[in-house]
Amino acid sequence: MVFNLTVMDGRESGHRSVTYPAAAAGANMRDGSSAKGLGKRSAYPRVLQAVLLLVLAAVSRILLDIPVWMFTRPHTEVRSALMAIVVAPLSMGLVIYWGYRRSASPLRAVFPLASIRLLQAAAMILMLLGASVLVLESNYVMSLVWPKPARLVNIEQGLRHGDIWNALIAPVVVGPLTEEFLFRGLILHGFLQNYGRRKALLVSALLFAMFHLNPWQFSGALVMGVVFGWWLIESGSLLPCLLGHALANLLPWMASRYSTGLGGLKAATVFNPVWFGGFAVFGALSLLTGAWLLRREGVREARSGRHG
């Protein structure tokens, strides 16, 4: 079934001129009632089914990792390449395909890749800038309250400064492709048909954050999960989510590689809370302004489409 995404400004609602097949009945209801509440068949996946999908993805990754470790033990770079371009996409791809078949929905409905307008892109860039600043701030606070173990720090530094497969290909190419198709594609598509838009967005972002299995990345992944899910709902396309996810993962790698003043900036924030608070305010304003512009553009389009 294909739905038109409804945009509501508090007084009136209208349909976008761009049809978003992945938008669900729950997103089209002013009262947020679910498709199940209307007597319709529950869409796949629901929350528990999504959790089982993530468990299946983790188990399949482990099972595929074992033979790679066994047969490439002396060849570290070969092992890294195989894990980045074979094991990771294969394990996630199998789960995504299996879930897609269970959803019984059209391919373009589950994984919409429509182009977006220039004003939408500008609003998204502003949101990404603000979210990235807030994530850096929250990660820094987390490091003060609960410092990372030295072993974990060494592993992360080794990955960022190591071979190109783990440092660049996996987080910037493979990660965004597989994770966006799974979380903002398959999972959010099902959630939007079963639940209200707010619940679908927040629960899918929560699962995205938990899937990283790293408490020091939880808050950042949660924020980005909400941002990317919001982009999907407002634009009807996975394309900005893919590009935004890749850019969000690329920036820390670039900073660790080419920025010599980052350590000084971090040290300065310890002794200068004004700087720290200023960055937080800047990030929040950028994020909220971008979200407002994105919603405003959606409402404007809905009105023009209704009167056009």
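A crossing of two helices is left-handed if the near helix is turned anticlockwise from the far one by less than a right angle, and right-handed if clockwise. In this structure, helix H7 passes helix H8 in a right-handed crossing.

The model is predicted: local features need pLDDT of at least 70, side-chain atom pairs count only at pLDDT 80 or more, and totals for chains, interfaces and linings use all residues. Residues are numbered from 1 along each chain as its sequence is written, and side-chain values use heavy atoms, with hydrogens and water left out.

**Helices H7 and H8**

Helices are DSSP runs (H or I, at least four residues) numbered from the N terminus. H7 covers residues 164-194 and H8 residues 197-211; they pack at an angle of about 145°, and their axes are 9 Å apart. Such axes are lines fitted to C-alpha atoms over the stretch in contact, and angles run from 0 to 180 degrees between N-to-C directions. Contact means heavy atoms within 4.5 Å. On the H7 side the contact includes Phe-183, Ile-187 and Phe-191, and on the H8 side it includes Leu-201, Leu-207 and Phe-208. By class, the contact of H7 with H8 has 11 nonpolar, 1 polar and 3 charged residues; Ala, Val, Leu, Ile, Met, Phe, Trp, Tyr, Cys and Pro count as nonpolar, Asp, Glu, Lys and Arg as charged, and the others, Gly among them, as polar.

**Aromatic pairs**

Rings of Phe, Tyr and Trp (its six-membered ring) pair if their centres lie within 6.5 Å; planes under 30 degrees apart count as stacked, over 60 as edge-to-face and the rest as tilted. The whole structure holds 8 aromatic pairs, including the two below.

| Pair | Centre to centre | Angle of planes | Class |
|---|---|---|---|
| Phe-111 and Phe-181 | 5.1 Å | 45° | tilted |
| Phe-183 and Phe-208 | 5.2 Å | 75° | edge-to-face |

Phe-183 lies in H7 and Phe-208 in H8, so their pair ties together parts that are 25 residues apart in sequence. Phe-183 is buried at a relative accessible area of 0%, and Phe-208 is buried at 2%, where buried means under 20% relative accessible area, exposed over 50% and partly exposed in between (1.4 Å probe, protein chains only).

Phe-111 stands in the loop between helix H4 (107-110) and helix H5 (118-145), 70 residues apart from Phe-181 in H7.

**Ser-80**

Ser-80 belongs to helix H3 (residues 76-103) and is buried at 7% relative accessibility. Leaving aside residues up to four places away in sequence, Ser-80 touches Asp-163, Trp-165 and Asn-166.

Terms used:
Helices (H or I, at least four residues) and strands (E, at least two) are DSSP runs, numbered from the N terminus.
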